[in-house]
Amino acid sequence: MYRRLMAWSMAIAGVAALAFLIPLGLNVRQYQHDIAMVRAQQEAREISSYATFTGDVSRLTNTLRNLDYAATSSNDIVVWYQDGRAVSATERSASVGTMPASVSSAISNGFGAERPSEQSVDGGRELLWPAPVADGNRVVVRVFVPNSVLNDAVLTKWAWLAAVGTAIVLAAGVVAGRFGRYITPPSAKSAERQPVV
């Protein structure tokens with residue numbers, strides 16, 4: 001009897017754990033995604049302010065090199081000018097020299113009324129942050145957030161959630177087993193005391 005009670009308890013605990021942990025796991029992934037995009041927005045805002053006040057491409061290049069975004073950011077950050085010139089803040093972009101279609105579209109559409117935009121692209125997510133510069137030109141700060149950053153440590157957190165769920169199921173089985181052993185002997189003794197007809 002107590003084995004059956006253990007099986008029922010573990011099944012109920014497993015269903016309850018799944019009902020709780022699956023939504024939590026999805027929230028963990030969305031939370032990490034939001035953190036990555038908020039960090040990308042902060043970087044784009046900072047770099048656009050530098051571009052606004054420096055104006056000159058060479059001065060902006062020196063400023064960004066001194067700030068060393070390549071060491072502090074895992075994103076690919078490029079400042080694009082209307083005339084096609086580009087300044088890489090992280091010096092890891094393979095796209096410098098070829099303006100992405102999304103940036104070209106933002107420029108031709110009047111920079112989307114100066115509002116930032118983001119969209120999914122191959123390998124990650126892209127943030128476009130338009131800004132004016134001192135010489136009357138316009139720039140678009142493109143921040144590419146790779147999937148490795150969007151999903152950073154998500155698998156590790158999912159593994160911890162799975163371990164918690166497993167521990168809950170096992171604990172339910174142990175408690176049910178001990179409880180079953182306490183109630184099984186009295187039941188067997190009462191059955192033995194009943195007269196056989």
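View 1. L18, I22 and L26 make a nonpolar surface patch of about 310 Å². Such patches take residues with over 30% relative accessible area and no salt bridge; nonpolar side chains (Val, Leu, Ile, Met, Phe, Trp, Tyr) are joined within 5 Å, like charges within 9 Å. A salt bridge puts a side-chain nitrogen of Lys or Arg within 4 Å of a carboxyl oxygen of Asp or Glu. Areas are Shrake-Rupley values with a 1.4 Å probe; for residues, only the protein chains shown count as cover. L18 belongs to helix α1 (residues 2-54). L18 counts as exposed because its relative accessibility is 53% (exposed is over 50%, buried under 20%, partly exposed in between).

The model is predicted: local features need pLDDT of at least 70, side-chain atom pairs pLDDT 80 or more, while totals for chains, interfaces and linings use all residues. Residues are numbered from 1 along each chain as its sequence is written, and side-chain values use heavy atoms, without hydrogens and water.

View 2. Strands β3 (residues 117-121) and β4 (residues 124-132) run antiparallel, joined by five bridges. Pairing requires at least two DSSP bridges. E118 stands opposite L127 in β4. Two residues separate the strands of this hairpin, and G123 in the turn has a positive phi of about 90°.

**View 3. A charge over a ring.** The charged end of R85 sits over the Y81 ring, 4.9 Å from its centre. The rule asks for NZ of Lys or CZ of Arg within 6 Å of the ring centre and within 35 degrees of the ring normal.

**View 4. The chain.** The chain holds seven helices and five strands. These are DSSP runs, numbered from the N terminus: helices are H or I of at least four residues, strands E of at least two. Of the 197 residues, 35% are buried.

Terms used:
Buried < 20%, exposed > 50% of the residue type's maximum accessible area, 1.4 Å probe, protein only.
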